[in-house]
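Hi,

Here is the structure I promised to pass on.

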Amino acid sequence: MMRSALVALVVALPAHLAAQAAASTRLDGKLDGETRAAVMRTLDSAQTRGLPVEPLVDKALEGATKRAAGPRIQAAVSMLMSRLEAARDALAPNPGPRDIAAGADALAYGVTRKALVTMRAIRPNESVAVPLGVLTQLVASGVPVDRATRVVADLLRRGARDEQLIALNNDVRMYVAAGASPQSALDVRMRGLNAVLPPVGGASGGLGDASSPGSSTTGMKKP
């Protein structure tokens, strides 16, 4: 009964107050009083700046799950807010919450602000959450940041769909898990996409390195 009343109250509140109430509920009992108060202040600041608060709540709860000290949780949440703000600015003019969160994750893995600006320029009126998520996962799999950025950007220029990008990422992760090097795994998957996507400006669009003669695909089957 109390839960139903709380839900009704949240629905009746203005959007920013509803988000604060929902965040407060999620944090209840998970953090000590001082840490919770500091995190709530950060959430309030994030909302004032037009940033999504859910990633910040998730970060605080992650710290609590790992039994991190309060100051470390506060620092992690503050650092994430800085990345969210940087991502929002790079993905201007009107990035959605998912785009901002994906951009912040990418920045955490060493993707550059310039890369985010480039993705937005290629897709000015569409979400870039999936491309940025795939870029982040490729880097996390061990593909160098520069190459992963170049490949994802060129695929977008060639009209790759989100489903194709997700499939690329899943296959690279599968090959890496099977023992292939990240670079070789990307080489193999790029050959498959090169066969179905048009080139950029009648050329390879910078993707030639994905299947260059010097690339190693030992022990891997071509799709």
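Arg157 and Asp154 sit three residues apart, about one turn, in helix α9 (residues 145-157); helices here are DSSP runs of H or I with at least four residues. Their side chains form a salt bridge at 2.8 Å, N to O, where the term means a side-chain nitrogen of Lys or Arg within 4 Å of a carboxyl oxygen of Asp or Glu. Asp154 is buried at 5% relative accessibility, while Arg157 is partly exposed at 44% (buried is under 20% relative accessible area, exposed over 50%, partly exposed in between, with a 1.4 Å probe and protein chains only).

A word on the basis: this is a predicted model, in which local features need pLDDT of at least 70 and side-chain atom pairs count only at pLDDT 80 or more, while totals for chains, interfaces and linings use all residues. Residues are numbered from 1 along each chain as its sequence is written, and side-chain values use heavy atoms, leaving out hydrogens and water.

The salt bridge count comes to 14. Two of the pairs reach across the sequence:

- Asp58 and Arg26 meet at 2.8 Å, N to O. Asp58 belongs to helix α4 (residues 54-65) and Arg26 to helix α2 (residues 15-27), 32 residues apart.
- Asp162 and Arg123 have their closest N and O atoms 2.9 Å apart. Asp162 is in helix α10 (residues 162-177) and Arg123 in the loop between α7 and α8 (129-141), so the bridge ties together parts 39 residues apart in sequence. Arg123 is buried at 9%, whereas Asp162 is partly exposed at 23%.

Happy browsing!

Key: Helix = DSSP H or I, 4+ residues; strand = E, 2+ residues; numbered from the N terminus.
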